[in-house]
Amino acid sequence: MNVGDDGHSHGSRTLAKRAGLIALAVVWVVSGFFLWRTSVPRLDIPDLDPRNYFSAAELAKADEYRGVSRALLLGSLAVQLLVLALLVWKARPLADALGGIGRGRIRTGILVSAAVVIALWLATLPLGAVSLWWRGRYGLSTQSAAGWLRDQAVAVGVECLLVAAAAAVTLGLAAWLGRSWWLAGAPLFVLGGVLYFIAQPLVIQPLFNSFHPLGDQRLAAEIKALGAKEGVTVDKVLVADASRRTTTANAYVSGLGPTKRVVFYDTMLDGRFSGPELESVAAHELGHVAKSHIWKGLGWFALIAIPGVFLVWWFTERRGGLPDPRLVPLAIAVVLVYSLLVSPFGNLVSRRYEAEADWMALTATNDPESFIGLEKQLTVTSLGDPDPPAWSNLLFGTHPTPMKRIGMAEAFRESPAPAGS
């Protein structure tokens with residue numbers, strides 16, 4: 001055997017792998033740089049005191065409500081991690097028990113994945129019920145226990161289908177391609193994310209809400225005019241029947257291409273918000289469309305998901321590889337822990353895009369007073385914390401804090417057209 005030639009071949013393969021990893025890292029960094037950029041100029045946002053915008057009673061009530069709701073959320077995460085650790089530990093007997101029903105490796109993996117999802121749901125259900133009671137106590141929930149359970153059942157059913165589909169694809173690829181399955185799996189899961197965003201308004205959202213076109217013709221005309229200012233063609237403005245669940249107000253944009261729409265909660269149209277405030281909401285949501293935030297979000301999803309799929313491969317390969325359905329709980333655990341670890345960065349990106357949509361709203365309406373009134377009303381009606389603790393904002397904050405958003409409006413009012421970017 002020519003050891004020298006074999007060593008040279010092995011060294012060439014090692015160099016090729018390193019070069020490939022470096023190239024991927026460069027692509028990641030360059031892509032992240034362009035996705036990170038926004039049109040928000042450099043602003044001197046003042047450090048505002050919430051007591052100048054909210055009463056002492058409003059601040060005290062929000063602090064009391066949010067203290068418990070944060071504890072419930074942290075408790076739910078802790079319970080999920082504990083249950084998932086137990087399922088990883090007992091994965092062999094779980095898979096063996098379900099194998100008699102599945103009668104096949106992929107079918108068994110699907111059953112194991114569904115069992116994991118249902119176990120996590122059942123474990124956190126009591127805390128969810130307490131959260132429902134807590135929201136009702138403060139007048140934020142209008143939903144009965146039966147209605148809440150129905151929503152919970154539908155949500156866990158959808159989650160079971162999605163996780164089972166991911167398990168089936170992963171197990172199939174692992175059996176077909178062996179150790180290199182993740183190279184094909186990563187782009188497939190990214191494609192699945194794109195398809196999900198396209199289908200969500202047509203398939204998922206109608207499971208939870210009914211939608212009808214915005215009936216206020218004056219507001220509809222204003223929204224179209226704002227869309228023209230922001231370079232967005234407004235095709236669909238819908239109203240969701242959120243009031244059967246909550247008193248909180250919200251609006252959002254969803255879908256891609258032909259499924260794109262701007263949606264108002266009907267609670268935003270119940271008279272608590274003025275016309276100019278509603279126009280600020282619409283301008284904000286149109287700003288997301290104008291700046292392609294959904295597409296950019298999918299770009300970040302790809303950049304974050306691909307390393308995540310690699311980690312699933314890495315951890316499961318150390319236990320024999322994912323052709324084995326007994327490793328499905330471990331794969332799900334890796335995904336959950338990875339998601340928790342990267343969520344602060346994801347929240348940072350989300351806050352940056354939300355700030356850009358805020359800036360778009362301010363420049364389109366040129367009405368910082370209504371923007372400030374909107375933010376105050378949204379905060380009060382949802383019992384939001386105007387200035388949450390830094391750890392809470394890091395872990396859970398997908399939007400700039402209310403005081404940061406008000407601060408942007410105040411900076412805009414002082415200098416409507418700041419220079420720089």
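1. Basis. The model is predicted, so local features need pLDDT of at least 70 and side-chain atom pairs count only at pLDDT 80 or more, while totals for chains, interfaces and linings use all residues. Residues are numbered from 1 along each chain as its sequence is written, and side-chain values use heavy atoms, with hydrogens and water left out.

2. Sheet. Four strands form an open sheet in the order β1-β2-β4-β3, with mixed pairing. Its edge strands, each pairing on one side only, are β1 (211-213) and β3 (251-254). Neighbouring strands are turned by 30 degrees against each other on average, direction ignored. Strands (E, at least two residues) and helices (H or I, at least four) are DSSP runs numbered from the N terminus; two strands pair if DSSP finds at least two bridges between them.

3. β1 and β2 (residues 237-240) pair in the antiparallel sense over three bridges. His212 has Val239 in β2 as its bridge partner. α8 packs on the sheet and touches β3 and β4, its direction making about 25 degrees with that of β3. Contact means heavy atoms within 4.5 Å. Axes are lines fitted to C-alpha atoms, for helices over the stretch in contact, and angles run from 0 to 180 degrees between N-to-C directions.

4. Cavity. The structure holds one cavity of 30 Å³ or more. The volume of the largest cavity is about 70 Å³. On a 1 Å grid over the protein atoms alone, a cavity is a set of points where a 1.4 Å probe fits but cannot get out; a pocket is an open set with protein on both sides within 12 Å along at least five of seven lines; lining residues have an atom within 4 Å of a point. Points are joined across faces, edges and corners, and a volume is the space filled by probe spheres set on them.

5. Cavity lining. Among the residues lining the largest cavity are Asp235, Lys236, Arg261 and Leu286. β4 (261-265) and α8 (275-290) each supply at least two lining residues. By class the lining has five nonpolar, one polar and four charged residues. Ala, Val, Leu, Ile, Met, Phe, Trp, Tyr, Cys and Pro count as nonpolar, Asp, Glu, Lys and Arg as charged, and the others, Gly among them, as polar.

6. Second largest pocket. This pocket has about 450 Å³ of space. Of its 20 lining residues, Val40, Ile45, Arg352, Ala355 and Met408 lie nearest its centre. α10 (328-365) and α13 (402-414) each supply at least two, and α10 gives the most, with five. The lining divides into nine nonpolar, four polar and seven charged residues.
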